[in-house]
Amino acid sequence: MSLGPHADFIVASYAVTALVVAVLIAWIATDFSAQKRVLADLEQRGVTRRSKRGDGDAP
Amino acid sequence: MAVIDLANPTRFLTLVDRVLPWLAGVTALVFAYGLYRVLGAPDDYQQGATVKIMFLHVPAAWLGMMGWSVMTVAALGTLVWRHPLADVAGKSAAPIGAAFTFICLVTGALWGRPTWGTYWVWDARLTSVLVLFLLYLGMLALYWAAEDPNRGARAAAILALVGAVNIPIIKFSVEWWNTLHQPASIMRAGGAAIDASILTPLLIMALAFTLLFFTLHFAAMRNEILRRRVRTMRMMQARGA
């Protein structure tokens with residue numbers, strides 16, 4: 001498959017898109033791990049939400 | 001389970017944990033098929049192979065606008081019903097919408113140089129999309145600056161509603177003003193003006209990007225709910241509860 005005389009522009013478009021999507025996925029995955037770790041740490045120290053003691057429905 | 005039950009954060013988290021791996025898998029499969037169809041798509045008779053940029057640029061543009069539309073609906077949920085999950089949805093959509101708008105601007109510039117002979121012109125379509133990106137940055141700054149999520153939520157909801165005015169301006173800018181950007185060629189009266197050999201891969205890529213948006217949005221909403229739980233627990237810990 002030939003990308004013609006403007007191959008650089010096409011390759012750059014796909015590279016930028018892949019990079020931005022990869023950064024977005026990595027950021028969300030890292031954030032999830034961080035929040036889970038902090039929550040586990042707080043629960044281990046005996047801190048629990050009121051809702052967890054009750055109906056378990058608050059954010 | 002009724003739809004209204006999903007507005008409960010705990011039930012929403014349970015659903016996301018169950019659905020997210022499947023959604024991510026389907027997204028990857030549709031992307032793989034879409035890219036396969038892109039590789040097989042013919043060159044445009046005028047633009048040559050640069051038409052391949054369209055398979056990224058157009059879906060990114062749609063999702064940049066959809067991200068703000070999601071935030072607008074979420075803003076109504078925040079201001080009218082004051083539901084915390086509405087603000088979670090709005091806040092989580094902001095960085096994803098900003099990323100897709102950024103992709104739209106960059107791929108548009110890279111497509112414009114070989115097609116128009118310039119990376120950028122201050123025409124109505126390009127400028128209104130740049131305004132959308134700046135609105136996203138303002139929204140992110142507003143969220144990150146707010147120490148109390150509830151206070152930030154109201155300000156962000158108002159900004160989302162004000163910024164929603166820009167969405168129809170982007171859509172109709174190519175009809176209302178004389179622009180270098182081409183007029184609508186897919187969603188227009190009389191049907192799409194693109195041959196099926198290019199339109200079909202474009203629609204598959206649009207579906208893949210839409211699935212990616214919702215996969216990332218659900219994952220980001222889960223993170224935000226957890227972040228608010230951490231904040232609540234830290235406050236309780238500080239109070240010695």
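How many residues does the contact take from chain B and from chain A? I looked it up: 35 from chain B and 26 from chain A, with contact meaning C-beta atoms, placed from the backbone, within 7 Å.

Housekeeping: this is a predicted model, where local features need pLDDT of at least 70, side-chain atom pairs count only at pLDDT 80 or more, and totals for chains, interfaces and linings use all residues. Residues are numbered from 1 along each chain as its sequence is written, and chains are lettered from A in the order written, with ligands numbered from 1 likewise.

On the chain B side I found helix 1 (9-40), helix 3 (84-116) and helix 7 (196-239) each giving at least two residues; helices here are DSSP runs of H or I, at least four residues, numbered from the N terminus. Helix 7 of chain B has the largest share, 15 residues.

Next I checked helix 4 of chain B. Its 22 residues should span 32 Å at 1.5 Å a residue, and the end C-alpha atoms are 31 Å apart, which agrees; the expected span is 1.5 Å times one less than the number of residues.

Then I looked at its partner. Helix 4 (124-145) and helix 6 (166-176) of chain B pack at about 170 degrees, axes 8 Å apart, the axes being lines fitted to C-alpha atoms over the stretch in contact and angles running from 0 to 180 degrees between N-to-C directions. That makes helix 4 of chain B roughly antiparallel to helix 6 of chain B (angle over 145 degrees). Among the residues meeting there are Leu132(B) and Leu135(B) from helix 4, and Ile169(B) and Trp176(B) from helix 6.

Terms used:
Parallel < 35°, antiparallel > 145°, perpendicular 65-115°, else oblique. Contact = placed C-beta atoms within 7 Å.
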